[in-house]
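Q: Hi! I'm new to this one. Could you walk me through it?

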Amino acid sequence: MKHSYKIPDKLSYLKRTKFPMNFLGLPPELSNYKNARVVVQPLPYEGTVSYTSGTSDGPFAIIHASRFIEDFDDEQKRSFSQLGVHTLPFLNPPKKQSPPEPYIRRVFEQTRKLVRDGKFVISLGGEHSISAGIIWAFAEKYPKLSVLHIDAHGDLRDEYEGNAFSHACGLRRVADRVKTVHVGMREVSRDQWEFVKKKKIKMLFAYEMHRMPRKQWIREVVGALGRDVYITCDTDGFDPTVIPSTGTPEPGGLSYVDVLDLFREIGRRKNIVGFDIMELAPRPEFHFPDYTCARLAYKMITFKFRQKK
Ligand SMILES: [Mn+2]
């Protein structure tokens with residue numbers, strides 16, 4: 001069988017491979033929607049970015065990289081693709097620079113269907129504003145949902161550049177409805193900080209985390225979350241040495257092991273209902289961040305579906 005797909009011009013550093021263009025490059029029997037426990041939704045939206053562009057290519061680069069992942073987990077010593085992993089078609093915005101709100105509504109509708117079908121949803125962005133649509137869909141099913149937000153930025157502005165659905169407001173659009181916990185913060189404006197204090201929102205700044213033993217802040221974060229947890233991860237929550245290819249990099253961030261250890265612990269103690277990774281802006285100089293995002297999404301599957309001892 002021939003699998004043809006077009007590599008976007010900007011990603012010409014990627015090589016074609018024989019694997020199907022779906023998450024993990026799975027054959028039809030492991031990637032059909034009906035049997036899949038996991039659904040990957042690629043959301044290549046980019047409209048309100050403020051610094052550098054390229055996040056609309058994130059989903060393609062992550063899915064491309066995922067096909068190089070060995071499907072045998074180093075920790076649990078088992079494969080996970082037999083759970084079935086379906087990759088939805090790319091949810092393309094009508095045109096570049098289209099406004100976020102209609103797209104976020106489409107993301108909400110699509111996610112709602114996946115939630116109703118009982119799928120474990122992994123969303124790949126795209127700019128971070130669209131997570132609001134995903135989270136609304138989960139909040140409908142889980143009224144006591146908690147959201148773990150990994151990011152350098154608070155994303156809690158009430159509006160940004162006149163737009164209430166900007167990437168700088170994504171978490172504000174959910175914080176009114178669900179509990180949010182913010183981790184890895186380095187850049188939070190005064191108005192956001194006042195909102196955090198007023199609402200008694202749990203927010204851990206990266207500088208505080210770097211001064212604590214990892215186990216200690218993980219305990220704090222896990223303790224602040226409810227039972228049902230949605231995890232939204234902006235790639236700039238990582239240090240730029242881990243993910244340099246992101247729209248608004250900020251020094252002093254989290255390591256891969258920080259994030260992995262946190263997610264593993266949440267997988268043990270909580271019910272992870274869904275996960276997204278947003279804001280990867282792939283670049284020809286760096287292919288490792290594409291792979292890091294794909295690996296993180298794979299690890300999330302292993303934490304969600306770990307075998308209980
Ligand atoms: Mn950010």
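Predicted model: local features only at pLDDT ≥ 70, side-chain atom pairs only at ≥ 80, totals over all residues.

**Sheet and helices**

Q: Where does helix α8 lie, and at what angle does it run to β6?
A: Helix α8, residues 214-224, lies across β5 and β6 and runs at about 160° to β6. Contact here takes C-beta atoms, placed from the backbone, within 7 Å. Axes are lines fitted to C-alpha atoms, for helices over the stretch in contact, with angles from 0 to 180 degrees between N-to-C directions. Helices (H or I, at least four residues) and strands (E, at least two) are DSSP runs numbered from the N terminus.

Q: In what order do the eight strands sit in the open sheet?
A: The order is β2-β1-β3-β8-β7-β4-β5-β6, with parallel pairing; strands pair if DSSP finds at least two bridges between them. At the edges are β2 (85-87) and β6 (202-205), each pairing on one side only. From one strand to the next, the twist averages 15°.

Q: How many bridges join β4 and β5?
A: Five, in the parallel sense, between residues 146-150 and 179-185. L148 has V181 in β5 as its bridge partner.

Q: New topic: how do α3 and α4 cross?
A: The axes of α3 (100-116) and α4 (131-141) come within 7 Å and cross at roughly 40°. Residues meeting there include F108 in α3 and W136 in α4.

Definitions and conventions: Residues numbered from 1 in each chain as written. Contact = placed C-beta atoms within 7 Å.
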